[in-house]
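These are my notebook entries on one chain, kept in the order in which I looked things up.

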Amino acid sequence: MSTTADPPAEDRHDGAGPAASDTDFPAQAPYQHEGPAAPGAPPTAPPGGPAEGPYPGEPPGPQGGGGTRDDRQGATGAPHLDDAQPSGPRPPRAAQDEGDAVELISRDQFSFLIRQSTGNANTYGGHHNTAFSLNLGGPQPVEFQQTPLDARDVQQRHRLYQRAPVPDHQPMADCLKRNHIVVVIGARGSGRDTTARVLLADACGSDRVAVLYSGGAGLAQALAEQADRHLTRGHGIVLDLGTELPAPAALEALSLRAGTIGAHVVLIAENLGAELDALSPYAFRHPGPDLKKVLEAHLDHELQKHRAEGHEQGDCPQHALEAYLRDVLRDPRVEDELGAGLPVREAVSLAGTLATFLHRPAEELGQAFGAWRNRLRTMARTLIGLTASASDAVLDPHQQPLRIAYVLCDGLPLSDFIRVGTLLCDEVQRAETREAAPERRVFDLILDQLVETGAGVAAAPDAGPPSNPRRVRLAEPELMSTVIEVVWHGPGWLRAPLLRWLQKLAEDRLERVRSRAAVIAGLLLRHDFDSVYRDLVQIWARSRSARDRQYAALALAVAVGSGDSWLTARIDRQVADWARSPAPQLQDSAARAYGTLVGTRDVPGALEALEALGSRRTPVRYASVAYATAALFLTPDGAEPVADALGRWVRRPDNEASPLRHAVGTLIVLGPYAVGPELPSRPKLAHQAMENPAREASLLLLWRHALVDPAYSGLAWALLEQWLLAGDRDGELGLFLEGFVPRAASDELLARAGFHVARMARRHPAAPCVRRVLRAIRRRRP
């Protein structure tokens, strides 16, 4: 799995099972402690998985737990088929996920949580995890979608770019010409996409540029292997790698294949901490162009376009345009607006606003900057009908909630928008106390007229990757947060319907809709923490549903993504308060929050908090501490401190108030993740042990506990089988495991280890690593 930028929308929020807010709990004010809870031993895990599989179209729920000495669980933690009951109607959530039930470790569930948090991070703020799944059977299949770019758009970008190029444009162009590939590493909003298109337009022509989309991992290597399918002589390709950096060998292979075919490839990456020497000579940093030059180029373009539309004579002579352009560029307020970190697209938008003030008095130029800063708020108020005077025509009574829902469903399929928009109409109708509900809400309206393309709200139909089903796409992604602010602080009577609507969305049958409710709640927290926390998020945090508690953590992560220092400190105190509470659900919510941006900003501090939570009795029944610890491990700077923490935890006493059980659960969760594309068959945990004897000793203890723990042994033996099969593809790993596995099997475990490894050898007769380990185990047996 990779964290590619701007993944297809269906991959952003796909996820975990049902969720809803449980209102049986009383409201709680922020930072309020409850009374002492009666201690009780955590229940033991049931001897099998859940009676029912995940709802169709949903990700797998918690699976596989206790009673695993007879190996009735598979590699993913699913129960043996003989234990599974026929699937039936979806049970009520309260009966399915009670707070006193054990949440069983599931690697599939953790994988979903990482995809969910990463997808939301890309769009709404959060943390980026780097997770590469263990490669056991050769290269994993990667699918690409290719979209040709409009030649006129490429030509226009090319013309404007020439007036504001990035500093290393010429070396990039030389590298692309010489090697047929170049890697552009820069932050979002730095104009790297335009740079890539201009480079390819120079190399191939503006009508021969296309974009490849994929949500897979190891994209550079995959493209090298599929070069004959996606590369064409004389054509250029842009491929966004997200935060994943390609291996040097993959770049060399891709350069060779592109050169043989006669194609050109520009790879875009976001990993700002990358060492360019390791990717030499292909990689260049992309700091972005001079924003004042960008503003000048685009403002001149807008003015000339205005003049060409029939204003050549009269009040639009060329010298007047040039004078206006000079006056704008000399205005000191331009420097203030073009501050550090402003995305290039914002400078382009400012140019468009300034062009509309061409015929206004000079003293009104200051209003242009105010209009630009407030453009999204003005657009939002106009969209939902808050700017019309009493004498103007007002929106249809259903258009206002539908337009709100349209913006808040950005990226979701239109079918989801129709359904959730109808729900919002229902809630607004109740607030207006109408006598009867209308028979039709959406289908009396033409969706294309509800939010017209070209009005600055909906994106152009060809924007983004090919979409089936058709999706809601906004021209300004930031409009979603602005509409939320306008609705919350505008018509006060809409607050209650909006909160009730979010509670209903959290009960939707589709995870992408449920998690969108958490995202909207997080955006609301940025504007009114106390009210939204009290009336919505704290209900999720105290819910008996583990999924609701995950939504509470996601909402806090989205809120922290705003970068507001005051709000971040407030959320830190709130999560710490959850962690100190005697309520088990709040402790679990705190652990889940530490696995998001709330914790990844300070990995050592989050690990300290998780260790304290793991030392309490109640979190043992949940998987959240293990999931959060694993999520911290997969962050760019988290592997080393997490490995150190696991080494401490595994040496703690094995009792109900010990982080040892959570350390073993973390091993089960992290075991299938590899080092990366450069070592796709080597587990990251094994790689650390191979390089550091202290880490090897800690990993040895973790395996000894995992292989005998009734709650984890089935999953542990299945994971060990994956590692042994990976040893056949990685010779160094195979040699390491040949000595490591017999030592991991303690004296009392040798007979069982021989039995399990012998079964593996029978299942995989062509796996030499398994046979070598089996012989080593038999040599140790008396």
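I take helices (H or I, at least four residues) and strands (E, at least two) as DSSP runs, numbered from the N terminus. With that convention, I find Asp-602 in the loop between helix 25 (597-600) and helix 26 (603-614). I am working on a predicted model, in which local features need pLDDT of at least 70 and side-chain atom pairs count only at pLDDT 80 or more, while totals for chains, interfaces and linings use all residues. Residues are numbered from 1 along each chain as its sequence is written, and side-chain values use heavy atoms, with hydrogens and water left out.

**Entry: the chain overall.** I count 35 helices and 8 strands in the chain. Of its 782 residues, 56% are buried, where buried means under 20% relative accessible area, exposed over 50% and partly exposed in between (1.4 Å probe, protein chains only). For contacts (heavy atoms within 4.5 Å), I looked at those between residues at least 6 apart in sequence, and 78% of them join residues at least 24 apart.

**Entry: Asp-602 again.** Asp-602 counts as partly exposed because its relative accessibility is 43%. I also noted that Asp-602 and Leu-632, 30 residues apart in sequence, lie 9.6 Å apart in space, C-alpha to C-alpha.

**Entry: aromatic pairs.** I pair rings of Phe, Tyr and Trp (its six-membered ring) if their centres lie within 6.5 Å, calling planes under 30 degrees apart stacked, over 60 edge-to-face and the rest tilted. The structure holds 8 such pairs. One of them, Phe-110 with Tyr-673, is edge-to-face, at 6.0 Å centre to centre and 80 degrees between the planes. Because Phe-110 belongs to helix 2 (residues 107-124) and Tyr-673 to the loop between helix 29 (660-670) and strand 7 (674-676), this pair ties together parts 563 residues apart in sequence. Both Phe-110 and Tyr-673 are buried. Tyr-533 and Trp-578 form a stacked pair, because their ring centres are 6.3 Å apart and their planes are at 25 degrees. This second pair links distant parts of the chain, with Tyr-533 in helix 21 (residues 529-541) and Trp-578 in helix 23 (residues 565-580), 45 residues apart. Tyr-533 is buried at a relative accessible area of 0%, and Trp-578 is buried with a value of 0%. I recorded one aromatic cluster made of Phe-110, Tyr-627 and Tyr-673.

**Entry: cysteines.** How many disulfides does a search of the whole structure find? Taking a disulfide as a pair of cysteine sulfur atoms within 2.5 Å, I found 0. Cys-409 counts as buried at 3% relative accessibility, and Cys-425 counts as buried at 5%.
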